[in-house]
Amino acid sequence: MAKSLRSKWRRKCRAVKRERYGAKELARLKKTLGIDESTATEVDMKDITEIATVVDAKTMKESSNEKTNNIEEMELMDEDGKRVFNSKTMRDQHGNYPIWMSKRKIIKNKKGRSKSKKATAKQTKRLSRKEKKKLQIKST
């Protein structure tokens, strides 16, 4: 496929665009890096120090440890007001569903819970006369 005159023409035009935009992009990259042929080869690094600072590994680890400690303290403080959801029942400690859960999904979840309760609960079926007699005979 793709051998028609129209597709060949489009491919040719795209190749021309690629060349033109590639040259523009290269010029822009050189300008941002400061490697422009028209300017001097030496670049002042004073401007770069404003953008980024060099930090050694020890100070990074210490600062990350301090941040994690602060986060843990915040979690402990917020824990009493937080909602804790059970992944199985999808309800929090107060028995409420999450805000984002739709009404249809809540109803579906409730139906599933009632089915599981029925399956695990002891069946309280009324006994017929024959079954009652059998139980009386077995007990005596």
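Of the 140 residues of the protein, 6% count as buried, where buried means under 20% relative accessible area, exposed means over 50%, and partly exposed lies in between, with a 1.4 Å probe and protein chains only. This is a predicted model, in which local features need pLDDT of at least 70 and side-chain atom pairs count only at pLDDT 80 or more, while totals for chains, interfaces and linings use all residues. Residues are numbered from 1 along each chain as its sequence is written, and side-chain values use heavy atoms, with hydrogens and water left out.

The secondary structure comes to 5 helices and 0 strands, the helices (H or I, at least four residues) and strands (E, at least two) being DSSP runs numbered from the N terminus.

Helix α1 covers residues 5-33, and because its 29 residues should span 42 Å at 1.5 Å a residue, the 42 Å between its end C-alpha atoms agrees with expectation; the expected span is 1.5 Å times one less than the number of residues. The charged end of Arg20 sits over the ring of Tyr21, 5.2 Å from its centre, a description that requires NZ of Lys or CZ of Arg within 6 Å of the ring centre and within 35 degrees of the ring normal. Just after α1, Gly34 takes a positive phi of about 85°.

Another positive phi, of about 65°, belongs to Met90, although Met90 is not a glycine. Most residues other than glycine have a negative phi. Met90 lies in the loop between α3 (57-78) and α4 and is partly exposed, with a relative accessible area of 24%. Met90 is also in contact with Asn109, which, leaving aside neighbours within four places in sequence, touches Thr89, Tyr97 and Met101 as well. Asn109 is found in helix α4 (residues 103-120) and counts as buried because its relative accessibility is 16%.

A search of the whole structure finds 1 salt bridge, defined as a side-chain nitrogen of Lys or Arg within 4 Å of a carboxyl oxygen of Asp or Glu. The side chains of Arg83 and Asp92 meet in a salt bridge at 3.6 Å, N to O. Arg83 counts as partly exposed at 43% relative accessibility, whereas Asp92, at 7%, counts as buried.

Conventions:
Contact = heavy atoms within 4.5 Å.
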